[in-house]
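Hi everyone, thanks for coming.

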Amino acid sequence: MILSLYVDDLIITGNNQEMIENFKKNMKKEFEMTDLGLMNYFLGLEVKQTLEDIFISQRKYADAILKRFKMDKCKVMTTPLAVNEKLFKEDEAEKADYSTYRGIVGCLLYLTASRPDLMFSASLLSRFMQSPSQLHHAAAKRVLRYLRGTKDLGIWYKPTEKLELVGFSYSDWGGSIDDMRSTSGYAFTLGSGVFSWQSQKQDNVAQSTTEAECIAACAAVNQAIWLRKVLKDMGKEQFNPTRLLCDSKSAIAIAKNPFCHKRTKHFKIKYHFVRDSQREGEINLEYCPSEEQVADIFTKALPKQKFEELRNKLGMLQLSVKEEC
């Protein structure tokens, strides 16, 4: 993703080929390197870049996965997970071949390098790698069916007027049937496609939706602070607080209110550092309606229309659609 930041820098400043050559010379002064031209392929990651945009995908790797597990001619699904299906460890179903299941999940996890739409499903399936059942295996095969219909999907990075770091934070509540823990999700963008995302089950059981949202916001703030430091090192310092969009008004109120009352005293102290980060001007927690919350795609299975809507907001497009634009 660092490559995309540098190319965006060239695009938004309106520079030409001469500027690119100067950029390369400066890079060679800083690092011992050989110019091999624009990157096209690296460890399964396909990169198509021009002066106007960058498109990242893993189509060849997706094809290899489908062939490996004999799913290259399977029926196509429109979403990776069924909305009403709940997966848990002790489902009393017959046990599946753990080596095959682990192989599928491992491949899906590697795909998430350019496929944030697979982040939640891969994270969910990885919870059952120790002892997968046939139900878990069927869910994994459904993800592969979705992959077959979207194997040329990727992230499109377009020119922007300025590089403004914006984050989205979201959480479900008690989504895990096994231990009633919630799932946190976040995503960050610089005005185009997302370049940083996560879907992860929380370490503790949240006693309320507000606490679950605060835990999710805490993880997002940690990432935002780190990204701000990276951007500063690259000469793109964020002088304004990073906007972190959250759909929980209660969590926002807690972040802004220095008074810790009985409703929040059970929160762990580390979650209150969100308030400190906001006071220090590093982040600004803002309200975002649930309908517009991009990070919702990282916390639960969604119906087709909602899933595709959020997927588009992540900056993801089919390669054929991108070429038409």
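**A sheet and a pair of helices**

Let's begin with the sheet: it is open, has five strands in the order 7-6-5-8-9, and its pairing is mixed. Before I go on, please keep in mind that this is a predicted model.

Which strands stand at the edges of the sheet? They are strand 7, residues 194–201, and strand 9, residues 283–287. Each has a single partner strand, so one side of each is left without a neighbour in the sheet. On average, and ignoring direction, neighbouring strands here are turned by 20° against each other.

Now let's go through some of the pairings. As a reminder, strands of a sheet pair through backbone hydrogen bonds, in either a parallel or an antiparallel way.

Strand 7 pairs with strand 6, residues 183–189, in the antiparallel sense, and seven bridges connect them.

Next comes strand 5, residues 166–171, which runs parallel to strand 8 and is joined to it by three bridges. Here Val 166 stands opposite Arg 243 in strand 8.

Strand 8 also pairs with strand 9, again in the parallel sense, over five bridges. In that pairing, Thr 242 has Ile 283 of strand 9 as its bridge partner.

Is strand 8 largely enclosed or open? Four of its five residues are buried, so strand 8 is largely enclosed by the rest of the structure. Helix 8, residues 249–256, lies across strand 8, residues 242–246, and strand 9, running at about 145° to strand 9.

Two packed helices are described by the angle between their axes and the distance between the axes. For helix 4, residues 98–111, and helix 6, residues 134–149, the axes come within 10 Å and cross at roughly 40°. That makes helix 4 oblique to helix 6. The crossing of these two helices is left-handed.

What meets what in this contact? From helix 4 we have Thr 100, Tyr 101, Ile 104, Leu 108 and Leu 111. On the helix 6 side, they meet His 136, His 137, Ala 140, Val 143, Leu 144 and Leu 147. Sorted by type, the residues of this contact are eight nonpolar, three polar and no charged.

That's my tour, and I'm happy to take questions.

Definitions and conventions. Residues numbered from 1 in each chain as written. Predicted model: local features only at pLDDT ≥ 70, side-chain atom pairs only at ≥ 80, totals over all residues. Heavy atoms only, no water. Axes fitted to C-alpha atoms, helices over the stretch in contact; angles between N-to-C directions. Parallel < 35°, antiparallel > 145°, perpendicular 65-115°, else oblique. Left-handed = near helix turned anticlockwise from the far one by under 90°. Contact = heavy atoms within 4.5 Å. Nonpolar A, V, L, I, M, F, W, Y, C, P; charged D, E, K, R; others polar. Pairing = 2+ DSSP bridges. Buried < 20%, exposed > 50% of the residue type's maximum accessible area, 1.4 Å probe, protein only.
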